[in-house]
Amino acid sequence: MAGRPPIKLAITDEEYAELSRWVRRRKTPAADKLRAQIILACSAGESGRVIGQRLGVTAQTVSKWRRRFQHYRIAGLSDAPRAGRPRTIDDEKVAAVIDQTLHSTPANATHWSTTLMAEHVGLSAMAISRIWRAFGLKPHRLETFKLSTDPHFVDKVHDVVGLYMNPPDKAVVLCVDEKSQIQALNRSQPSLPLGFGHPETRTHDYKRHGTTTLFAALDVATGEVIGRMHRRHRAAEFLSFLRAIDADVPKALQVHLIIDNYGTHKTEKVRAWLAAHPRFHVHFTPTSASWLNRVERFFAQISQRWIKRGSHTSIKELENAIRHYIDTHNDDPKPFVWRKSADEIMASLARLSDKINHPANFC
């Protein structure tokens, strides 16, 4: 018995074109591509049994997607979103966790941990972790800051940032500072190299072989660094570094130095040398504002990439390693671009002051 013949599924030209694109497109999900093939075969008048055998599905599956298409058209071929597991923590509980995190501390600790908060409010530590992540709360983190009390803070910020963002013509702008007390450390035993499944390891103890100081001048425009090593950190060494800068920078250029307020930068001998070299112009950063000196960014980079994990058996070996890093850096220098204007910095500091003076408004 042949049974009744299949009835063609009526689809529009636009629907046919869209379903055909689903089938041809490589990035179409496999489930959507299969459903499109089923509907196109139904529109060609094939029976559900034949379609199922060809596509590897049951006739019931063919019938299901045919009915879905008849009721909802192409929109019916996508999976309906599922309800998911119902919430077990209501908004009041979430608000209580946030309020406790912001406005209280545990009796036996200086700050909340997920375990302490979970015990306090009767939730799991994982639930507390999810709530904190959702609202950007990090009680375990502590960052430091210090606001400058320099009476000329505003003027100095405008002066230094002006050099960064609008440097003078026929001049070089150098950020100058010293990285002192760099230790030549050698681990007590050889390190184990990086391998599959485990990081590089080294002993926690080490042998000290003395210290050195890196005097550095960062060219704001090019990112090149003038560096000199000295075993001591006095005005005499700073004067020696100024002479090195004078020798390295072409005589036709004016030299603008951005330096901090360290005592060795302001001695009588240093001032006398600067007065005798009028092409040098000194711009002091505000007190407690080392972040304004771009050479600090270079110091952070050399510490992280080169010094921190190095191992040296003598000061000379350490100094040679630092010179090698500076030479490599200068082979392909990249400037540290300053992006914030002086007005933007002052606005940020004003917001920080408001937080300090009115902390309740920022919780």
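Reader: Let's start with Tyr-325. Buried or exposed?
Author: Tyr-325 is buried, because its relative accessibility is 10% and the cut-off for buried is under 20%. Keep in mind that this is a predicted model.

Reader: And Trp-306, how does that one count?
Author: Trp-306 counts as partly exposed, at 32% relative accessibility. That value falls between the cut-offs of 20% and 50%.

Reader: How are the rings of Trp-306 and Tyr-325 placed?
Author: Their centres are 5.8 Å apart. The planes meet at 40°, so this pair is tilted.

Reader: Which helices do they sit in?
Author: Trp-306 is in helix H11, residues 295–307. Tyr-325 is in helix H12, residues 315–331. The pair therefore ties together parts that lie 19 residues apart in sequence.

Reader: Phe-298 next. What is its relative accessible area?
Author: 0%, so Phe-298 is buried. Phe-299 is buried too, with a relative accessible area of 4%.

Reader: Which residues do ring pairs link into a cluster?
Author: Phe-298, Phe-299, Trp-306 and Tyr-325.

Reader: New topic. What's the secondary structure of the chain?
Author: It comes to 13 helices and five strands.

Reader: What's the radius of gyration?
Author: The chain has 35 Å. A compact globule of 363 residues would have a value near 21 Å. Along its principal axes, the C-alpha trace spans about 115 × 55 × 50 Å.

Reader: How much of the chain counts as buried?
Author: 36% of its 363 residues. Phe-298 is buried, and so is Tyr-325.

Reader: What about contacts between residues at least 6 apart in sequence?
Author: Of those contacts in the chain, 67% join residues at least 24 apart.

Reader: Last one: charges. How many positive and negative side chains?
Author: There are 54 positive and 37 negative side chains in the chain. The centres of the two sets lie 9 Å apart.

How values were computed: Residues are numbered from 1 along each chain as its sequence is written. This is a predicted model: local features need pLDDT of at least 70, side-chain atom pairs count only at pLDDT 80 or more; totals for chains, interfaces and linings use all residues. Side-chain values use heavy atoms; hydrogens and water are left out. Helices (H or I, at least four residues) and strands (E, at least two) are DSSP runs, numbered from the N terminus. The radius of gyration is taken over C-alpha atoms; the globule rule is 2.2 Å times the number of residues to the power 0.38. Buried means under 20% relative accessible area, exposed over 50%, partly exposed in between (1.4 Å probe, protein chains only). Contact means heavy atoms within 4.5 Å. Lys and Arg count as positive and Asp and Glu as negative; His and the chain ends are not counted. The place of a charge is taken as NZ of Lys, CZ of Arg, CG of Asp or CD of Glu. Rings of Phe, Tyr and Trp (its six-membered ring) pair if their centres lie within 6.5 Å; planes under 30 degrees apart count as stacked, over 60 as edge-to-face and the rest as tilted.
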